[in-house]
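Please look over the sequence and the fold shown here before reading the notes on them.

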Amino acid sequence: MIKGTKTSGAVSLVLRGANDYMLDEMDRALHDALSIVKRTLESNTVVAGGGAVESALSVYLEYLATTLGSREQLAIAEFAESLLIIPKVLSVNAAKDATELVAKLRAYHHSAQTKADKKHLSSMGLDLSEGKIRNNLEAGVIEPAMSKVKIIQFATEAAITILRIDDMIKLVKDDGQEED
């Protein structure tokens with residue numbers, strides 16, 4: 001890091017690595033980190049990370065599904081279940097017991113949504129270093145709210161697009177083509 005420059009409007013980072021592959025990976029990681037900081041500053045609001053949003057939304061949608069009496073109930077319940085993939089994958093990637101952690105996380109969010117005196121539990125997320133549940137807002141594990149909303153919207157739109165495909169597309173070899 002170069003300090004003591006006359007102007008602070010620009011910063012240069014010099015990366016050193018053993019080979020080009022390592023330098024490319026460090027460059028991508030640095031770019032991702034700076035992009036998240038930029039998004040956070042643009043968003044002006046943050047949400048708890050570590051699967052907190054997905055778990056809370058899943059609990060809310062499961063309750064909503066029970067209030068419906070049509071086929072929509074099944075779709076909403078399945079969507080709620082699919083949101084739990086994020087905390088499950090986070091837990092598995094950290095070599096933790098995903099079933100236990102996600103069950104505890106859901107219990108915290110259910111309490112936060114159903115009991116008025118437990119609203120403070122709404123920021124609970126995964127602590128993958130210790131393998132437990134903690135308040136991720138207090139711990140500083142945050143995500144830009146704008147990014148989280150867009151991620152959920154894009155994933156939902158992609159799933160809907162896939163579900164709308166009702167014909168299988170099959171490539172048929174032309175008789176005039178030679179085999180390679």
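## Basis of the model

This is a predicted model, in which local features need pLDDT of at least 70 and side-chain atom pairs count only at pLDDT 80 or more, whereas totals for chains, interfaces and linings use all residues. Residues are numbered from 1 along each chain as its sequence is written, and side-chain values use heavy atoms, with hydrogens and water left out.

## The largest pocket

The largest pocket has a volume of about 300 Å³, and 14 residues line it, of which Phe79, Ser82, Leu83, Ala155 and Thr156 lie nearest its centre. On a 1 Å grid over the protein atoms alone, a pocket is an open set of points where a 1.4 Å probe fits, with protein on both sides within 12 Å along at least five of seven lines, and lining residues have an atom within 4 Å of a point.

At least two lining residues come from each of helix H3 (72-83), helix H4 (85-93) and helix H7 (145-164), and H7 gives the most, with eight residues; helices are DSSP runs of H or I with at least four residues, and strands are runs of E with at least two.

## The strand pair

Strand E2 (residues 124-127) and strand E3 (residues 132-135) pair in the antiparallel sense over four bridges, where pairing requires at least two DSSP bridges. Asp127 has Lys132 of E3 as its bridge partner, and in the hairpin, with four residues between the strands, Gly131 takes a positive phi near 75 degrees.

## The helix contact

Helix H1 (residues 20-43) packs against H7 at an angle of about 100 degrees, with the axes 7 Å apart, and the two helices are therefore roughly perpendicular (65 to 115 degrees). Arg39, Glu42 and Ser43 of H1 meet Ala145, Met146 and Ser147 of H7, contact meaning heavy atoms within 4.5 Å.

Conventions. Grid points are joined across faces, edges and corners, and a volume is the space filled by probe spheres set on the points. Axes are lines fitted to C-alpha atoms, for helices over the stretch in contact, and angles run from 0 to 180 degrees between N-to-C directions. Angles under 35 degrees count as roughly parallel, over 145 as roughly antiparallel, 65 to 115 as roughly perpendicular and the rest as oblique.
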